[in-house]
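Dear colleague,

I am handing over the structure below, and after it I set out what was found. Please read the notes with the model open beside them.

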Amino acid sequence: MAKKVGILTFHSAVNYGAVLQAAALNRKLTDLGIDNELINYEDEEFRQVYGIQNKFDVTNKVVRLGLLVVKNIMFQMRKRKFISFLKSYTTLSSEKYTEANIKASVNNYSKIITGSDQVWNMNLTGGDKSYFLDYVPEDKMMSYAASFGFSKLPDNLNRDEYASLLSRFDNPSIREDSGCDLYKELTGKASLQHVDPTLLLTGDEWAKHFELKNSNKRKYILVYTVAVPVGLISHIEEIAREQDLDIIEITPKFKTASKLIKAKHFCGPKDFLNLIYNAEMVATTSFHATVFSMLFHKKVSVELLDKNNKRNVRIESLLKLVGHDYDGSSDIVDVFDVDYNKVDTNLESERQRAFAYLKNAEERI
């Protein structure tokens, strides 16, 4: 059997971070000389979430119907860009799989990797256990930077089931230190912590492999938020006025966060990358937008506390990883004067650890 690695992850989500981390691991394994492809898998939960958009909080039936039509047209336009990106920049398996037939994929690969993203969050996947590789022989399964999406197992998830599924992994690669602690708690075994796949490529490699282009347009601050911003918008509006910068927001919503902001509604993954690549500054609540801001050596303002007072521990960990002197005293952190030579050095050290792990796994195929 050919020595091919299959990657099982959330590649089909209409989500920038999910698709870009999948593309990054696919690309980096190829660069390391490892034949690999993304397993073309679609679970039922994701099919529903990224299918027909039918939620809109409007009571007037006529208005609601009209808005839903527009919303679905906009969503499908974005979704087509995600599909096009995957076709252009990743290697997908020719076979398509669902939970009903995913077991058949085992015969096509010498190794199957699960990760990154929240593949071990069954609340997110509707209870789908496929991402735990429960159908794969133990000598053919591994993880890379897998994430739970929580530091404590939620009460509605079965502790014994989790322990049983996870115990099959030998020294797995996990993304967050809190995930390593949870794995130890559930299984009694050790694991390894590795960086998100998006960090396996340098900024220059992202620009080269994904054909990013420099723009000569007027300078702007790019806004991209996942958690609803609290004080971030007023903060960057002040900076925009002081420095005479435009403000552009990537958003699927009809309204931008402010009247001063210009919307970009139909952005695919490559648009997302290009807008960060050409920005003078980025303002965000997103982990992956922070990642790419640092890879492309941008000034970035990150808001760490959302409206529910929940802190973004992933961004906090990233700030520490790259050597930013963050003391935890502020909800909005301006990363303006960071030494990117130091950042690149710190990230390269983490990359080499990850490469050694992946190459070691490849040698055991």
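**Salt bridges and helix packing**

Glu205 has a relative accessibility of 23% and therefore counts as partly exposed (buried means under 20% relative accessible area, exposed over 50%, and partly exposed in between, with a 1.4 Å probe and protein chains only). Please bear in mind that this is a predicted model, in which local features need pLDDT of at least 70 and side-chain atom pairs count only at pLDDT 80 or more, while totals for chains, interfaces and linings use all residues. Residues are numbered from 1 along each chain as its sequence is written, and side-chain values use heavy atoms, with hydrogens and water left out.

Glu205 forms a salt bridge with Lys28, the closest N and O atoms being 3.6 Å apart (a salt bridge is a side-chain nitrogen of Lys or Arg within 4 Å of a carboxyl oxygen of Asp or Glu). Because Lys28 lies in helix 1 and Glu205 in helix 6 (residues 203-209), this pair ties together parts that are 177 residues apart in sequence; helices here are DSSP runs of H or I with at least four residues, numbered from the N terminus. Lys28 is buried, at a relative accessible area of 6%, and forms a salt bridge with Asp31 as well, where the closest N and O atoms are 3.8 Å apart. Asp31 and Lys28 are 3 residues apart in helix 1 (residues 16-31), which means that about one helical turn separates them.

In helix 11 (residues 340-363), Glu348 and Arg351 are likewise 3 residues apart, about one turn of the helix, and their salt bridge has its closest N and O atoms 3.1 Å apart. Glu348 is partly exposed at 30% relative accessible area, whereas Arg351 is buried at 4%. Through shared partners, salt bridges join Arg27, Lys28, Asp31 and Glu205 into one network, and the structure holds 18 salt bridges.

As for packing, helix 9 (residues 287-295) and helix 10 (residues 313-321) have axes 9 Å apart, at an angle of about 20° (axes are lines fitted to C-alpha atoms, for helices over the stretch in contact, and angles run from 0 to 180 degrees between N-to-C directions). Helix 9 is therefore roughly parallel to helix 10, since angles under 35 degrees count as roughly parallel, over 145 as roughly antiparallel, 65 to 115 as roughly perpendicular and the rest as oblique. The axes of helix 4 (residues 159-167) and helix 5 (residues 177-187), by contrast, come within 9 Å and cross at roughly 105°, so these helices are roughly perpendicular to each other.

Technical notes:
Helix = DSSP H or I, 4+ residues; strand = E, 2+ residues; numbered from the N terminus.
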